[in-house]
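Please examine the sequence and the three-dimensional structure shown below. The explanation after them is intended to be read alongside both.

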Amino acid sequence: MLLELKDLTLLYGRIQALHGISLTVGEGEIVALIGANGAGKSTTMRAISGLRAVAQGTILFDGEDITKLRADLRVVRGVSQSPEGRGVFPGMSVRENLEMGAYTRRNRAEIDEDLDRVFTLFPRLKEREKQAGGTMSGGEQQMLAVGRALMSRPKLLLLDEPSMGLAPMLIQQIFDIIVEINQQGTTVLLVEQNAQQALSRAHRAYVLETGRIVKEGTGQELLHDPAVKDAYLGVA
Amino acid sequence: DDSSGSGDTATGSTCDLKIAFFGALTGGNAQLGINIRDGAKLAVDQYNTKNADCKVGLVEKDSAGDPAQASGLATSLVADTKLLGVVGPAFSGESKVANPILSKEGVVIITPSATNPALATQGDKTFHRGLGNDASQGPGAANYIKTVLKAQKVFVVDDASEYGKGLADQVKQVLGATVVDSAVVKEQQVDFGAVIDQVKGSAADAIFWGGYYREASPFLKQYRDAGGKAKFIAGDGVKDQAFVDGAGAANAEGAILTCPCVPPEKAGGTFAADYKAATGREAGTYSAEAFDAANIMLEGIKAGNTTRDKLETFVDSYQGQGVTTKFKFQENGEIDPASVAVWAYKVEGGKVVAEQETPK
Amino acid sequence: MNFQFLGDHFVSLTVTGLTQGAIYALVALGYTLVYGVLRLINFAHSEVFMIGTFVTTIIWAGLGFSVGDAAPGTLGVIGLIVIAMIAAGAASGATALVVERVAYRPLRKRNAPSLIFLISAIGASVALSEAVGALTDRQPRGMPTLVVPKVQFSFLGADVTNLQLGIFFSALAMMIGLDIFINRTRLGRGVRAVAQNPDVAALMGVNKDRIIMLIFILGGAMAGAAAVLYDIKVGLTTYSVGFLLGIKAFTAAVLGGIGNLRGALLGGLLLGVVENYGAGVFGNQWMDVVAFMMLVVVLLFRPTGLLGESLGRARA
Amino acid sequence: MSSLRRADEGRARAMTGLRSRWSSLPRAWRIGAIGAFMVLLYSLPGLNIPLIKTPDTDFTSVLFLCAVYVLVAVGLNVVIGLAGLLDLGYIGFYAVGAYTVAILGSPNSPVVVKFPWIVCVPIAIAVAMLSGVLLGWPTLRLRGDYLAIVTLGFGEIIRVFALNSNITNGNRGINGVPVPSEANWPSWMTWFPYVSSEKQIFSVSNVIGFYWLALTLVVLCILGVRRLERSRVGRSWLAIREDEEAAEVMGVPTFKYKLWAFAIGAALGGLSGALFFSKQTFINAQGFDLFTSILWVAAVVIGGAGNQLGVAVGAILLAYLPERFREFADYRLLIFGVALIVMTIFRPQGLLPSRRRSVELEDRAKEASVVE
Amino acid sequence: MGRRRRASLSEQLAEREPLLEVDDVTIKFGGVVALNGVDFTLYKGEILGLIGPNGAGKTTCFNTITGVARPTTGTIRFRGEKVVGKKRFQITRMGIARTFQNIRLFPEMTALENVLVGADARHKTSVVGALFRLYRVRVKPEELTEVTATGGMTRLAQQLSRTGQRFFGLSRHILEERAARAKGMELLQLVGIEGRAGELARNLAYGEQRRLEIARALATEPHLLCLDEPAAGFNPAEKESLLALIRKIRDTGVSILLIEHDMRLVMGVTDRIVVLEFGKKIAEGSPSEVRDNPAVIAAYLGVPTDAA
Ligand SMILES: Nc1ncnc2c1ncn2[C@@H]1O[C@H](COP(=O)(O)OP(=O)(O)OP(=O)(O)O)[C@@H](O)[C@H]1O
Ligand SMILES: Nc1ncnc2c1ncn2[C@@H]1O[C@H](COP(=O)(O)OP(=O)(O)OP(=O)(O)O)[C@@H](O)[C@H]1O
Ligand SMILES: [Mg+2]
Ligand SMILES: [Mg+2]
């Protein structure tokens with residue numbers, strides 16, 4: 001297992017957001033995390049990337065206990081996140097934003113190669129290479145955030161609602177890109193509201209409700225699960 | 001203990017009477033205050049040794065030279081009916097606040113250092129000044145510049161303080177057209193680039209400094225560093241060893257410092273030696289004046305003037321020789337002009353030494 | 001008002017102003033760096049500078065050069081200055097770091113709002129300057145005259161001295177170095193990332209605490225260097241030198257656009273020059289008034305300073 | 001309306017223990033307790049309580065200073081605590097108010113008119129308010145921290161002006177600043193220790209009249225500000241503090257309300273200055289330094305910005321402690337500085353915080369995101 | 001221009017009263033032309049959708065309408081009055097309210113207080129009025145408060161205060177405050193979070209915050225409500241209930257301008273749709289017209305089946 005969460009509990013002040021989450025992500029998998037607003041999906045992601053301290057439980061990455069590791073050191077270990085709300089650096093140009101993604105890497109040639117790859121994936125970013133990140137439109141920022149997460153060549157890529165704010169055509173594209181990245185060897189943990197798309201691409205998936213995992217299975221299983229269909233896929 | 005209420009009639013024994021020191025013991029101007037306090041303390045201690053059976057106490061009120069603190073301190077002084085007189089307040093600003101309060105309750109005031117002329121016109125009936133005011137020092141300095149230095153172009157600097165500006169205005173008035181330009185420096189200013197540009201631009205051959213040594217020493221150092229050659233003359237606010245040390249002895253060499261105070265070595269009796277013995281330091285500026293002021297009051301108390309009213313009458317009509325000069329107060333509390341001597345001191349070999357009395 | 005004087009001495013006032021401005025700018029960098037990253041007016045930075053001025057005198061005195069001592073030869077002087085720069089830079093940097101550790105870090109850990117930081121900063125500032133005040137009996141401390149100003153050349157009737165040239169260019173060099181560091185290097189980019197979004201910066205692998213330490217040390221070191229230049233120029237220091245100079249430097253930082261390194265340079269130089277003109281025209285006592293008036297006027301037309309804010313987060 | 005009541009209960013739940021216990025007392029009790037406390041405040045000068053008496057300085061004078069500082073803090077609290085504007089040059093308004101009274105009322109000022117106190121003070125308040133508006137007009141459009149430096153500059157400009165202008169007489173100053181009234185105490189007042197019927201109510205050597213006047217003004221101003229706080233105005237200030245742009249989009253004329261906050265703060269600052277220097281009867285440029293201004297801000301925050309009781313406590317400590325512990329005179333600023341750091345670390349919400357702030361701080365602290 | 005084009009639309013629309021007229025609006029940021037001669041009209045009572053690819057200029061369009069950005073050229077009229085150049089709070093008082101793409105509540109205020117800030121936009125109590133409470137309004141005897149009846153007030157005091165109110169009326173401040181709280185609760189009820197009225201906004205769940213934003217905007221009594229991607233981050237079930245809410249709001253007589261990428265929501269709720277691409281309007285019409293428009297499919301929808 002590349003990532004293993006054991007019985008994770010997390011508090012926001014008085015509010016308990018996670019009530020003992022356990023999940024695993026195997027090497028080379030795409031794992032989806034779906035659930036209603038406030039279910040704790042983003043919170044789980046923050047716990048994994050180290051933006052929030054957990055109250056209880058352990059996080060194992062590549063066999064190592066990283067529960068108490070600082071966020072930046074987790075990046076060095078190979079965990080990279082495109083955060084909820086995009087988190088673009090508003091005062092840096094698009095290019096600098098992407099370079100920030102490669103902050104922990106030193107090999108210039110490889111970095112340039114990856115930059116090219118991101119620019120091919122999102123031509124709009126190439127067009128706006130010098131524009132300040134903060135002035136990009138909502139969707140453009142989303143592309144930037146995903147592209148930036150790719151720049152660290154992570155072992156594990158955490159994507160928090162990558163399709164949020166994207167136009168329908170691009171949504172299609174972004175999921176294709178996720179699959180492509182995965183096939184190139186990156187493990188992906190994906191949080192999505194667009195459950196339909198997410199489940200159809202994911203190897204496995206978990207369903208979260210109010211801070212607890214209530215279901216797990218392969219993507220296809222959940223896609224056809226009537227309860228899931230009812231709650232998260234909407235009436236087609 | 002102060003439950004007897006306010007009033008001028010002291011009750012009980014007359015042997016626990018007090019006089020007070022009022023001035024800065026802390027803050028940026030503490031050194032002057034300490035000089036004064038020690039002068040007064042020396043007088044009281046000497047008195048108490050001689051009159052061990054009926055001692056007089058010395059109350060110390062530290063105002064930090066701040067008018068805002070002065071009023072509360074003065075009010076607490078007047079509430080103590082055993083307290084008859086005050087040596088101080090040390091600075092003119094605080095005097096303006098404290099004097100009306102003290103005077104209203106009849107507390108006798110002899111200031112050894114506040115030299116602003118306006119203090120005598122505030123209508124404070126118990127006010128006395130034990131030395132010449134700025135109106136006498138200013139002309140003294142100006143006359144020295146005119147007749148001894150024979151300067152042609154004088155540049156006048158003041159620090160906008162009550163004291164400094166008053167002095168500078170006097171000098172300007174006497175010198176008239178000889179003053180080619182003037183500038184105002186800020187309190188605690190340490191960098192004088194612009195002023196030095198101005199002084200050099202004016203081609204002055206003498207600079208008069210109305211202010212304190214805290215600003216004067218860095219100014220003079222920077223001015224000399226910048227190649228300035230003009231003579232430097234300042235008032236008693238600069239007359240302190242700290243000035244020479246701050247500016248550097250070489251830079252300060254030849255500077256003239258005027259003071260309406262008699263050189264301690266010329267002061268009568270054994271004051272200079274006694275002071276050194278008591279405090280371990282040389283007598284500083286205004287120490288001797290404070291010593292005299294305290295002695296006048298002590299003399300009054302000794303003579304049985306044990307109420308504020310009686311002491312006031314005593315001081316008003318006092319005549320006598322102190323270590324600094326001969327004391328006799330005018331109606332408005334100013335010392336008799338005949339007793340005022342303004343001395344010029346000179347920095348020589350890194351020391352401030354008395355040179356001559358300034359021409360009248 | 002004396003416009004005549006300004007006209008006659010324009011160039012020489014400019015030169016003096018630039019020298020002063022270079023020192024403002026160096027100190028302003030510390031404000032700008034910390035503000036850019038933490039959105040915090042580091043009030044104690046003025047005291048970081050003040051410590052530098054004292055360490056300089058102590059070092060020189062330790063090497064046998066006190067007030068009134070004659071300066072050694074040129075090489076000796078340069079040596080003394082370099083040693084002082086290193087020592088004062090280190091001491092100021094260390095002071096800044098201590099302030100960060102003691103006064104700010106505990107608050108950061110609690111995520112306190114910026115007003116609280118300001119109060120803690122004021123506390124640190126007061127405590128530092130008063131501590132030094134108590135240690136020095138509030139007396140000023142003089143320096144040896146190391147550099148006797150010599151006119152190097154005359155420019156449009158104004159004498160330019162070696163001292164002025166030295167101060168100006170060494171300050172400029174340090175600022176350019178810092179600018180390159182922040183804008184061109186990886187670590188510099190990390191600084192900017194933390195400034196713009198600390199959480200996401202951590203997600204990129206930036207060690208936030210280290211970056212914060214770095215900016216305090218950098219800002220402190222610059223203030224230390226400024227302190228040496230100041231000592232050479234002014235020739236004396238006291239426990240309270242920091243207060244007004246700090247306010248001026250902060251004004252300079254705001255003038256140029258706080259959080260913007262080049263803004264600090266521009267703001268510092270402009271402030272130095274304009275207040276010197278102001279002193280020439282209106283009199284020395286109105287110097288600070290002129291400086292603040294200019295600030296208000298500039299902010300009226302450019303609400304985020306001359307060059308805007310670049311390190312910091314953009315407003316959403 | 002039951003849901004409305006529940007909404008208010010939600011608020012109450014967030015209150016801290018002592019406060020909620022207080023507000024659950026019957027109203028009559030609360031009024032009684034406040035009344036008793038007021039009586040205590042008014043009679044403090046006559047009570048002669050040993051430990052709290054100041055050793056060196058007249059105790060009533062210190063009480064008066066406390067009252068003036070509380071007035072300052074109440075005004076500054078409107079600006080900082082309620083509207084969230086950082087004003088580091090508040091002393092400028094204090095100076096403007098003080099000088100207006102001195103210049104218009106003193107026979108020794110360069111201006112020939114000689115208005116009585118009761119005329120001068122409203123003018124002083126108006127002038128201070130006007131100066132607040134004049135300063136605020138161009139600068140309140142700036143963002144928070146810029147305002148800090150600009151106000152700092154304003155404070156310094158006022159001081160330099162006072163020091164160098166002819167109308168203020170520079171550091172020579174103006175004496176004979178008018179006192180509120182020349183009248184003597186009526187004879188029926190003499191039951192109170194310290195009051196004697198031959199004495200003036202507002203006497204320089206017995207300042208109880210000044211203290212009572214200041215205390216009365218403090219009470220009135222606190223009540224007035226409380227009214228504002230609990231109205232649409234206070235809510236708008238709060239919204240501006242939270243998110244100015246969102247507030248504007250919700251229809252809050254943010255500039256107008258910030259200007260009002262500034263003007264009200266300035267007016268109170270002017271009043272306090274006028275009051276203080278009426279008692280001192282002499283004014284010069286000393287005592288208007290920026291440092292004092294910054295200390296005031298510290299006092300407000302340490303006391304608990306946003307809560308009037310809190311800022312009052314902060315102000316009282318600032319005025320009282322240095323007088324009580326004069327023996328540490330040389331070290332008091334050092335102690336003060338260290339105390340500020342310690343306070344912010346161990347009690348960042350202030351001594352008596354507003355409910356809202358303490359909740360906010362608690363929540364923020366718990367959310368601190370760092371993983372060690 | 002705009003006038004003629006409107007005539008070409010259905011007869012029914014031409015009769016309706018225009019509420020918002022965007023006329024030839026262009027806005028440039030340096031080299032980027034974010035809006036290029038855009039014009040459209042929103043009629044009273046309708047829900048107008050604004051869609052387009054990422055970076056098409058939708059948010060920018062919003063910003064110009066609500067006064068956040070100023071168009072380089074062009075005019076915008078609301079109920080016949082010019083909008084461009086007005087201050088933001090004035091625009092709100094004219095009757096345009098908005099929500100933010102990323103939520104911007106007042107986090108330290110309770111839900112109810114957030115709504116009250118919105119309601120204040122319609123209030124008249126001034127600073128002086130709040131301080132001295134001189135402006136008094138006569139109230140009918142049956143409206144006299146029970147406010148004073150709470151707490152340990154004696155009967156005599158109650159009687160006195162009631163008599164006082166009868167003679168001197170109540171201050172406008174108190175009346176407005178009372179009315180606003182009632183209205184605030186009503187709006188919270190409308191969006192379905194009345195149970196959370198006393199909770200600090202920051203402690204509400206994301207979905208609740210979005211609803212609160214809508215309630216706060218409605219409290220300003222707008223004629224037009226602008227929603228920027230209100231469903232972002234909602235799952236289908238939540239989107240469904242949002243759709244119902246939007247309809248409910250429209251039924252209270254508020255017109256709506258809606259930016260949204262979720263086609264099911266847009267198609268389901270809007271009356272008409274305007275499509276932008278690269279800052280230009282490329283289509284306008286009923287949902288079905290737009291859905292079948294080849295230009296729109298090419299630029300935006302991709303596969304036409306998405307919303308089926
Ligand atoms: N900063 C915070 N402070 C307090 N509570 C929070 C905070 N962030 C999230 N929560 C609460 O924690 C719970 C989980 O939130 P989280 O953001 O993880 O949900 P989510 O599943 O990602 O939902 P969404 O689909 O809305 O993004 C929610 O109840 C939310 O209100
Ligand atoms: N200040 C600015 N400087 C430069 N370009 C800008 C600025 N503001 C917006 N833009 C550009 O204008 C275009 C329109 O942006 P806008 O935010 O209106 O898009 P949008 O239609 O809302 O897109 P999305 O659906 O992604 O939110 C984008 O390409 C954006 O990068
Ligand atoms: Mg989420
Ligand atoms: Mg958008």
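The paragraphs below treat the conventions, the two ligands and the contacts between chains.

This is a predicted model, in which local features need pLDDT of at least 70 and side-chain atom pairs count only at pLDDT 80 or more, while totals for chains, interfaces and linings use all residues. Residues are numbered from 1 along each chain as its sequence is written, chains are lettered from A and ligands numbered from 1 in the order in which they are written, and side-chain values use heavy atoms, with hydrogens and water left out.

The account begins with ligand 1. Ligand 1 is placed between chains A, D and E. Around ligand 1 there are 19 residues, of which A:G38, A:S42, A:T43, A:E84 and A:Q193 come nearest; a residue is near a molecule if one of its heavy atoms lies within 4 Å of it. This shell consists of 7 nonpolar, 7 polar and 5 charged residues. In this classification Ala, Val, Leu, Ile, Met, Phe, Trp, Tyr, Cys and Pro count as nonpolar, Asp, Glu, Lys and Arg as charged, and the others, Gly among them, as polar. Helix α1 of chain A, residues 41–49, provides the largest share of the shell around ligand 1, with 4 residues. Helices here are DSSP runs (H or I, at least four residues), as are strands (E, at least two), and they are numbered from the N terminus.

Which atoms of A:T43 and A:E84 approach an oxygen atom of ligand 1? In A:T43, an N or O atom of the side chain is 2.3 Å from an oxygen atom of ligand 1. For A:E84, the distance from a side-chain N or O atom to an oxygen atom of ligand 1 is 2.6 Å. A:A39 takes part through its backbone, where a polar atom is 3.2 Å from an oxygen atom of ligand 1. On its own, ligand 1 has 640 Å² of accessible area, and the protein covers 84% of it; such areas come from the Shrake-Rupley method with a 1.4 Å probe.

Ligand 2 lies between chains A and E. Its shell holds 21 residues, and those that come nearest are A:S137, A:G139, E:K58, E:T59 and E:T60. By class, 5 of the shell residues are nonpolar, 12 polar and 4 charged. At least two residues of this shell come from each of α6 (138–150) of chain A and β2 (32–43) and α3 (58–65) of chain E. Chain A places a polar side-chain atom of A:E140 2.8 Å from an oxygen atom of ligand 2, and one of A:Q131 2.9 Å from an oxygen atom of ligand 2. From chain E, a side-chain N or O atom of E:N54 is 2.9 Å from an oxygen atom of ligand 2. The protein covers 89% of the 640 Å² of accessible area that ligand 2 has on its own.

The final topic is how chains meet. D:E245 and E:R88 form a salt bridge, with their closest N and O atoms 3.7 Å apart. By contrast, no contact joins chain A and chain B, whose closest C-alpha atoms are 38 Å apart.

How values were computed: Polar contact = N/O pair within 3.5 Å; in protein donor to acceptor, adjacent residues only side chain to side chain. Contact = heavy atoms within 4.5 Å. Salt bridge = Lys/Arg side-chain N within 4 Å of Asp/Glu carboxyl O.
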